[in-house]
Amino acid sequence: MSEASQALQKIARGTGIVFAGTVISMLLGFLSRAVIARYFSTGEYGVFNLALTVLNVVLVIVMLGFSNSLPREVAFYREKEPQKVADLTSTALIIVALNSLFWVGVLLLGADELAGLFNDDRLVSALRVVVFALPFWALTGVIIAISRGFGRVREMVYIQNVLYPLIWLTIVLSLVLLRLPFTAVFWGYVMAQFLTFAVLLLETRRIGLITFSLSVRREVAKELVLFSVPLMLVGILNFLMTWTDTLMLGHYKGSEVVGLYNAASPLARLIPVFLGSAGILYAPIVTPLYAWGKIGEMGRVYRILTKWIFFLTLPLFALLFLFPEVAISFFFGQKYLAAAQALRILSAGFMFHTLLGLNGLSLLVIGQPKLNMIGDTFAVVSNVVLNLLLIPEYGMTGAAVATAVSYFVANVFRSFWLYQRTGIHPFGWSYVKPLVIGFFLLGLVMVSPLQVSNIWWAILVLAAFFGVYIPLVLLSGSVDKEDVELILAIEKKLGVDLGIIKKVLKRFV
């Protein structure tokens, strides 16, 4: 078995648990959002989203890019210089702890000015409460990143993806049942982040995963920060791509429109769920291939993985793109239907982001984080300019167009540089043919006179869609031997017999 196949099987086995945790996290997170959106007014829901958006901006700065650099750095040094790993992890924790405390002070002092930007005094009290979640949130992120570098996903799945959203949902439901005022939501958020961090800290100490030390190794800190700063800038740029629409809608249109838009935006951001799940293990597993110069094997992993991510993402994309009114009504209620067109546009942008694969992580693996930063800079500039031009006149629809275009620009740049540096790209014939077939069938459904009034009719239509799509993909000769090997790995991991699926795939290899 080739090293590419072995890497794919490792990713497949680990991605299963990561995906399960991600789905649980998103489901519980949606329930929490839905409860807040339905129980409080659209304006209060907008304030909630603005407060978390500001906190997310600061979190990116506090983390200094460590959430992306540590999995790669820990995996690399475990392979090349294992004696440096303990110093690396302790240094990262101390730097982030001190940085988070500094930014807590900054936000407490600047809450009035930030609220003034959005013309909403309710944001002042929200920020002065929710800011205390920052240190717990940041340190949780660092510990999770370190555990990923050791090839572990349990801490991320069980604590970050399951325990945290469960705690948060429990708190939200309790607030509603007790009929507590809106400000209690933010105290509940702080409590959820604190409890998550406390459990994670106790667990990592129990298993001895991380060696805690109060000393900072200067040379290790310098090396880590120099590698991570471009990733922090990329993180800021990614954040701007992600949340500029919300921030500028808040500035131009107010918290009511932000509340409406944040029914569409979280739904569309579900589309990269498989991409993100696979990415958790991708860097630690393919980094050794790159470290030993096996670019061809790395490229094979990239192509097969991208094809599978597309297959798994297509059903969700089809639902949100073809039937946005049905999706919004089902999750958030009729009062958010005005965001349906924005959901369709955002879905297209995130699907393009998904179908090009893990290009940004691959640039990180080959030691080129600055290229991510350059591409994202172009994307952010286009995002800001388009938001300035489109939001005043077109509101939510203009914001959605700006975000979709920014993701298009960022991914084109990443994929171009990845191909230029390594020759890696996803577009083999076994991937191009399913793409063409899928989008052709989506077009047919779009122009058909179907009237879909609820989620159950939408599911029936999509079942018919895939009843046609899957046989066409098989007949097109798009199955590779690695696809069969992946099925075997999944079968072994799940402990179930996938005999029929194996027989069908083997006949079309």
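**View 1. Contacts of Gly438 in a predicted model.** Setting aside neighbours within four places in sequence, Gly438 is in contact (heavy atoms within 4.5 Å) with Phe465 and Tyr469. The model is predicted: local features need pLDDT of at least 70, side-chain atom pairs count only at pLDDT 80 or more, and totals for chains, interfaces and linings use all residues. Residues are numbered from 1 along each chain as its sequence is written, and side-chain values use heavy atoms, with hydrogens and water left out. Gly438 lies in helix H18 (residues 429-447). Helices are DSSP runs (H or I, at least four residues), numbered from the N terminus. Gly438 counts as buried because its relative accessibility is 0%; buried means under 20% relative accessible area, with a 1.4 Å probe and protein chains only. From Gly438 to Tyr469 is 31 residues in sequence, but 6.7 Å in space, C-alpha to C-alpha.

**View 2. Helix H19, residues 455-475.** Its 21 residues should span 30 Å at 1.5 Å a residue, and the end C-alpha atoms are 30 Å apart, which agrees. The expected span is 1.5 Å times one less than the number of residues. Buried residues of H19 include Phe465, Phe466 and Tyr469. At the helix start, a side-chain oxygen of Asn454 comes within 3.0 Å of the backbone nitrogen of Trp456. Gly477 follows H19, with a positive phi near 75°.

**View 3. The bend in helix H16.** H16 bends by about 30° at Asn387. That angle lies between axes fitted to the seven residues ending there and the seven starting there. Asn387 is among the buried residues of H16, as are Asn372, Asp376 and Asn383. Gly395 follows H16; its phi is positive, near 60°.

Methods
Helix = DSSP H or I, 4+ residues; strand = E, 2+ residues; numbered from the N terminus. Buried < 20%, exposed > 50% of the residue type's maximum accessible area, 1.4 Å probe, protein only. Polar contact = N/O pair within 3.5 Å; in protein donor to acceptor, adjacent residues only side chain to side chain.
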